[in-house]
Amino acid sequence: MALLKTTLGIRACLLGAVVLLPWGPSLGAQAARTPEYQVKAVFLFNFAQFVDWPAGAFPDSTAPLIIGVLGDDPFGPYLDETVRGEMVRGRPLEIRRYQTIEDIKTCHILFVSPSEESRLEDILANLKHRAILTVGDGAGFAQRGGMIRFISERNKIRMRINVAAAEAVRLTISSKLLRAAEIVTPGKP
Amino acid sequence: MSLRDKPIRQKLMAILLLTSGVVVVLTCAAFLTYEFVTFRQTTLKNLSTLGRIIAANSTASLAFQNEADAREILSALRAEPHIVAAGLYDKDGRLFARYPADLPVAALPAAPDQDGYRFEHSHLVGYAPVAQASNARLGTLYLQSDLTAVYGTLRLAGAIAALVMGVSLLVAYLLSATLQGTISRPILALAHTAKGVSERHDYSVRAPKLGADELGLLTDAFNQMLSRIEDQDRARLQLITELERSNKELEQFAYVASHDLQEPLRMVSSYTELLERRYGDKLDDKGRTFINFAVDGAVRMQRLINDLLEFSRVSTRGKPMQPVDVNRVLGAVRANLSVAIREAGALVTNEALPSVVADETQLVQLLQNLVGNAIKFRGGERPLVHVSAQPGATECVFAVRDNGIGIAPEYFERIFVIFQRLHARGEYPGTGIGLAVCRRIVERHGGRIWVESAPGQGSTFYFALPTGNGGQVP
C-alpha cells in the first residue's frame, strides 16, 4: 500500500515532466517535439535504478544519490524536474553541477557535457578509479573509457555500454539494462 | 406403470440404483466444482506469476524506451499458448509494445485499468505494475489469457466424472442385482407359494425359508398357516365326502323306501277295500268304522309316500337348467290351480316377470306350491295373490304376497322343514311337505327362500335365484 501511494505520488509529481516525454516509439508524431535532453534526463534518473554501487560509495543507507553534470548543463530544467521528490532504493536524489573535475567530491552518476569533449581523456583518466557511472553523448565516449553513451538514432535514444569500464570500478549494471543497450569493448570501433 | 406396481425386484434395484446414483452424482458434482474452482485459482495464480516475471523483465525496456527489447520479452509468452494478448504500457498509460506483434491495437485496452487479475467474459485478464525493485513505477503490463485450459480441464474432469459415474452405476447395478436377491428372493418365494396355493388350492406346498430374519419369520408363519389350512381343508373335504355319501344314501333310502313301500301299501288298501265290499254287510257298524279307519290310514300313507317321493325326486329326477320365461311358468301354475282358484274365488295378479335359468318343471312346482299355499291358508276375505320380481345384479328375487292368515315369526324356519305342520289336519289338508319341497328346489338352483309375515297380516314368500352362469335372460 505504501508502495502504491509512493508510486502514485511520484506519478503525480512527474506528471509535468512525463507528459512532455513522448520520445517513445509508438508516438512518432510527437517524438520530434520531445526535447532530446528531456529523455536523457529520465534515462539518467533510470540508471540509478539499474546500477548497483559498491559498498562505501554511500556514507550511510539514506545518503542521497548524486547525479552530477560536468561542464555546461544541456538539460535545462528537465533534470531537476525529473528527480524532484523521487527516491531510489530509499535514497533521495540530488543534482550537482560541476565546472571542473576537481569539484567532484561524492558523485554516483556523472554526465559529461558535450562542452567537455576536448578534455574527455583527462576527465576519464581522472575518474578511472572512482565508482562513478560516467555518461556522455560524445562520439566514441564508451570506447574511450566512458561507461554509457547516448546515441540518437531515428528519434530514439539508444545506449552503448562499456561494461568493462564499469566492472573495473565495481559498478554492477543490471543485465536488464544491458539487454536494452549495445555493449562495446574499448579499442574496437 | 408407476413404481408402486413394479415387481419388488425392480423396485429394490431402482431404490439401490437411485440412492447410489444420487450419491455418485453429488460426489461428481463436488469433484467438478472443486476442480473448476481450484483450476481457476491455479490459472489465476499462474497468470499472476507470469505477469510478475514479464513485468520484472520489462523494466529496462520501459525505462530506456527499447521497444524491440520489450517485444522480445513479450514474445517469450509464446511458451504459454493460453496467453492470447499482452500489452506493455508506459507510465503515462500509452501502449508501448504488444504481443503478438501483429495484434491489432484495438484488441488491447486503450489504457491500463486497475492492477489485479479478474475473469472477464471468456477470458482472464490482468494488469501488473512494472517497476524496478521498489522504485517508481515504470508502466503496466496487460495479460489476457483465454480459458480454454480451464474448460479443457473441466472437460477432462467431466469425462473422468462421467466415466466414474458410469462405472459406479454399472458396479452399483451389478451389486444391487446380486444383493437385492437377499430381500426379494424370500418375498418372491413367498409370493410364488401364495400364488400356487390360491390358484391350485394346493395347501401341501411350503415356502422355502431362506434366512432367520423377519422374512424368515414371515415364511415360518405363512407355512404354519398353510399347514393349519391344509389340516382344516382335509378335515373339511372328509366331512363333505361323508356328508355327500350319507346324503346320497339317505336320498336313495327315501326313494327306495317310498317306492318299495307303495307295493305292500297297495296290497293293504286293496284288500281292505275288498274286505269292505265283500263282507261289509256281514259286519256291524263298529267293524265298518274300523275298516274305514284302515282305508283312511292307507290313503294318508299313500299320500305321505307320494310326497316323500316327490321330495326325493327334486334332486334325483332334476332336469337340466335352461332359460325359462317365468310369465309362462305362472301361466302353467294358473292352469294347474284353476279349480282351486275358481272355488276360492281367488285373484292371482302379477307384474311383468323376467326370464331365469332354471329347471322349468321344478319352477312350476315351486310357484304352484307357493300360490297354492296362499289360496289354501286364506282368511275370511277373498284371497288376493300377487306375484312380483326384483331383478338384481347377482340374483333375482321373486315375491308371492297374499292376504291370508299369516305366520308368527317363531315359525318362519319350521315351516320349511319336511312334514312340519302348524295346523291340525282337519283345519287345513296336506302332509306338510310343500314348503320343504320349495326349499329343496330353490337350494338346488343355488338360491334361498324365506318368508315375511305376521299373524293376520298376510304373508310374503320370497325366493332368490342367482343370475350367474348365463343368469337372467331378458
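## Ground rules

Here we have a predicted model, in which local features need pLDDT of at least 70 and side-chain atom pairs count only at pLDDT 80 or more, while totals for chains, interfaces and linings use all residues. Residues are numbered from 1 along each chain as its sequence is written, chains are lettered from A and ligands numbered from 1 in the order in which they are written, and side-chain values use heavy atoms, with hydrogens and water left out.

## Chain B at a glance

Chain B comes with 10 helices and 12 strands. Of its 474 residues, 38% count as buried. Buried here is under 20% relative accessible area, exposed is over 50%, and partly exposed is in between, using a 1.4 Å probe and protein chains only.

Look at chain B contacts (heavy atoms within 4.5 Å) with a separation of 6 or more, and 64% of them are between residues 24 or more positions apart.

## The largest pocket

The largest pocket has a volume of about 940 Å³. Of its 39 lining residues, the closest to the centre are B:Asn369, B:Asn373, B:Lys376, B:Phe377 and B:Pro429. A pocket is an open set of points on a 1 Å grid over the protein atoms alone, with protein on both sides within 12 Å along at least five of seven lines; a cavity is a set where a 1.4 Å probe fits but cannot get out, and lining residues have an atom within 4 Å of a point. Grid points are joined across faces, edges and corners, and the volume is the space filled by probe spheres set on them.

Which helix gives the largest share of this lining? That is α9(B), with 8 residues. Elements of chain B that supply at least two lining residues each include α6 (285-316), α8 (338-344), α10 (434-444) and β12 (459-466). By class, the lining has 17 nonpolar, 14 polar and 8 charged residues. Nonpolar covers Ala, Val, Leu, Ile, Met, Phe, Trp, Tyr, Cys and Pro; charged covers Asp, Glu, Lys and Arg; the others, Gly among them, are polar.

Helix α9(B) has 17 residues and reaches 23 Å from its first C-alpha to its last, close to the 24 Å expected at 1.5 Å a residue. That expected span is 1.5 Å times one less than the number of residues. The helix is mostly covered, with 13 of its 17 residues buried. At its start, a side-chain oxygen of B:Asp359 comes to within 3.2 Å of the backbone nitrogen of B:Thr361.

Helix α3 of chain B (residues 67-75) has B:Glu67, B:Asp69, B:Ala70, B:Ile73, B:Leu74 and B:Ser75 as its buried residues. At the start of α3(B), a side-chain oxygen of B:Asn66 sits within 3.3 Å of the backbone nitrogen of B:Ala68.

## A buried threonine

B:Thr140 is in strand β5 (residues 137-146) of chain B. Is B:Thr140 buried or exposed? It is buried, because its relative accessible area is 5%. Its side chain makes a 2.9 Å polar contact with that of B:Arg137. Such a contact is a pair of N or O atoms within 3.5 Å; within protein, one must be able to donate a hydrogen and the other to accept it, and residues adjacent in sequence count only if both atoms are side-chain atoms. Leaving out residues up to four places away in sequence, B:Thr140 touches several others, including B:Leu88, B:Tyr89 and B:Pro112.

Most residues other than glycine have a negative phi, and most peptide bonds are trans. B:Tyr99 and B:Pro100, though, are joined by a cis peptide bond, with omega about -10°. B:Pro100 lies in the loop between β2 (95-99) and β3 (116-120) of chain B.

A:Arg154 has a positive phi, near 45°, and is found in the loop between β7 (148-153) and β8 (156-161) of chain A. A:Arg154 counts as exposed because its relative accessible area is 74%. For B:His201, phi is near 55°; this residue is in the loop between α4 (148-200) and α5 (214-279) of chain B.

Notes. Helix = DSSP H or I, 4+ residues; strand = E, 2+ residues; numbered from the N terminus.
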